[in-house]
Amino acid sequence: MPGPVLVPVLGDQLTRDLASLRGRTKKDTVILMMEVADETTYVKHHKTKIVLILSAMRHFAAELRKAGWTVDYIALEDDGNSGSFTSEISRAVDRHGASEVRVVEPGEWRVLKALEGLKGPLPVPLEILPDDRFVCSLNEFYTWAQSRDTLRMENFYREMRRKTGLLMDGDEPEGGQWNYDHDNRASPDKDMDPPPAPKFAPDDVTCEVIGMVERRFADHFGSLDKFCWPVTSDQAEAALDAFITQRLPDFGTYQDAMVHGSDDLFHSLLSTSINLGILDPVECCRRAEQAFRDGKAPINAVEGFIRQIIGWREYIRGMYWLEMPELAEANALNATRPLPEFFWTGETEMRCMADCVRSTRDNSHAHHIQRLMVLGNFALIAGVRPQEVEDWFLVVYADAYEWVELPNVAAMALWADKGRLASKPYAASGNYINKMSNYCGDCAYSVSKKTGEGACPFNPLYWDFLIRNRKVLESNHRIGRAYATWDRMKPDKQQAYLDSAKAVLDGLKPASGGWARD
Ligand code: FAD
Ligand code: DLZ
Ligand code: SF4
């Protein structure tokens, strides 16, 4: 009798219908789940992120066992745990006398290379299967990318709408437009009243992981005091229900708004569950579409939400695999500044930055516009070295895996890929933040002051960024026009901008080492 088939299930593959399990029988399959030091420490993840992943893994293993599967679960502190996916797979092959290993391709380049490297040394065949939990397969994405000069999300998104039939009216987009983004840029207003997001109190399993993480990863960034993320598919479904009924109707309108102390507004907070595999992204979209068809949510909200998932999320994943490994080293604007310390401590007079870092530390989450237009924008216009910014984003967010973090940071926020992903850098002065938030009113800096003592640092940094990168950016048709404005400025005004920017940059204290990596 040949030995069982060994099916490793990685920490972000917590899906009952995973390709590697499909068609397998419980009799001849051993599922292997591994908590390994390599994964918990390759960067020093936020404590919340480690708790979320390990707790969700433990709950998933319990569900599988209850359903009759044999699960070999290696806990982080088990005797003999050898600390890496590859060595644990080798040990498990021996332990079970496995005849074959079947694993779904991992989400990260680093892990894929490690698994591919195991194929020779392992005494049995190792099959790596495509991850079909995405709408667009990687081959389909590569074919799409090959057929065009510019790889814009919007064109890709339309294909995904046609492919899924989501929000379609025959061959045409529902409502006659593919994209309702122009309706999704409202500033925060006094009357908006976001319902609280559901909270999932830690159960015994989560509490045990919290104890271990507090003890073992005490020097990692972040607080666990508010841990309330969904860790099971039932909880994730409950979070989806709450979002669809309570927040979706206003999701679109206030998608870009930011409010001090109000951490997630009308956002869904579903990325952690979708990325772990405990919530199906297409189901989220279908539920949103149904809300529209039932007259319970407007088209701008529903289209906006669906676009984030079958548009941005799928496109980002395709771009990751298309652009790796070069993307990890990309630095088109030659940015070399070290990451400022306040990204870790939150100690800055900039009220917008301090609030975004606080939310990040307390919740292991910040919403999209906070990530892009406050944190990312500052790093971009201050010229921070992309790899330091990427490490920060990978560490701090509970939904961060390299496949989704890296393109968002390197390409979208920092334009390090020279515009392969984003047609122009998302650089902005304090004006934008003031328009989209209530941050500036009580800030120690004045957003209307452009230069000199007390001026909002984003104002001079914006111009300094454009001038530093004039050679690369001037020919960009979407940002190039700003140079005409600069050229019309009086020389003393120009100099005041450059001097103020220098003062801001000289005042940035670099982060001391050891926050992101040992
Ligand atoms: P919502 O605003 O409710 O959006 C709905 C869903 O759309 C999200 O749950 C997510 O699955 C998807 N989505 C939206 N935008 C994106 C996007 N740009 N890329 C991929 N999926 C998207 N998202 C991550 O999942 N992991 C990351 O590490 C990550 N890093 C980011 C870094 C930067 C600099 C930026 C600008 C964005 C990043 N994003 C990342 C995208 C986005 O900010 C988060 O997906 C979102 O904030 C998660 O919160 P939510 O579930 O409430 O999202
Ligand atoms: C992020 C993470 C962490 C912190 N720990 C584990 C772990 O112990 N075991 C595991 O299977 N996965 C973990 N992960 C998620 C992996 O890093 C993720 O599966 C890979 O990034 C996919 O390539
Ligand atoms: Fe941020 Fe500038 Fe507004 Fe202060 S004034 S909150 S630094 S944008």
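Predicted model: local features only at pLDDT ≥ 70, side-chain atom pairs only at ≥ 80, totals over all residues.
Ligand 1 comes first. A shell of 29 residues surrounds this ligand, and the closest of them are His267, Ser268, Leu269, Asn275 and Asn408. In the side chain of His267, an N or O atom lies 2.7 Å from an oxygen atom of the ligand. The side chain of Asn275 likewise has an N or O atom 2.9 Å from an oxygen atom of ligand 1. A further contact involves a nitrogen atom of ligand 1, which is 3.4 Å from an N or O atom in the side chain of Arg371. Taken on its own, ligand 1 has 820 Å² of accessible area, and the protein covers 99% of that.

Where in the chain does the shell around ligand 1 come from? Four helices each supply at least two of its residues: α9 (271-276), α11 (299-323), α14 (368-382) and α16 (402-413). What is the make-up of this shell by class? Around ligand 1 there are 16 nonpolar residues, together with nine polar and four charged ones.

Ligand 2 is surrounded by 18 residues, with Gly11, Asp12, Met34, Val36 and Glu39 as the closest. Three of these residues make polar contacts with oxygen atoms of the ligand. Asp12 places a polar side-chain atom 2.8 Å from an oxygen atom of ligand 2. For Glu39, an N or O atom in the side chain is 2.5 Å from a ligand oxygen. Val36 takes part through its backbone instead, where a polar atom lies 3.0 Å from an oxygen atom of ligand 2. How much of the accessible area of ligand 2 does the protein cover? Of the 490 Å² that ligand 2 has on its own, the protein covers 100%.

The elements that give two or more residues to this second shell are α1 (37-41), α2 (47-66) and α4 (109-116). Among the contributors, α2 gives the most, with three residues. By class, the shell around ligand 2 divides into nine nonpolar, four polar and five charged residues. The space that ligand 2 takes up is the largest cavity.

The remaining points concern the backbone.

One is the peptide bond between Met324 and Pro325, which is cis, with omega about 0 degrees. Pro325 lies in the loop between α11 and α12 (342-345). That loop also holds Asn334, a residue that is not a glycine but has a positive phi of about 50 degrees. Is Asn334 buried or exposed? Its relative accessible area is 61%, and because exposed means over 50%, Asn334 counts as exposed.

Leu265 is another residue other than glycine with a positive phi, near 45 degrees. Leu265 sits in the loop between α8 (233-251) and α9. The relative accessibility of Leu265 is 2%, and since the limit for buried is under 20%, Leu265 counts as buried.

Key:
Residues numbered from 1 in each chain as written. Chains lettered and ligands numbered in written order. Heavy atoms only, no water. Near = heavy atom within 4 Å. Polar contact = N/O pair within 3.5 Å; in protein donor to acceptor, adjacent residues only side chain to side chain. Areas by Shrake-Rupley, 256 points an atom, 1.4 Å probe, with all protein chains shown as cover. Nonpolar A, V, L, I, M, F, W, Y, C, P; charged D, E, K, R; others polar. 1 Å grid on protein atoms, 1.4 Å probe; cavity = no way out; pocket = protein on both sides within 12 Å on 5 of 7 lines; lining within 4 Å. Sits in = over half its atoms within 2 Å of the grid points. Buried < 20%, exposed > 50% of the residue type's maximum accessible area, 1.4 Å probe, protein only.
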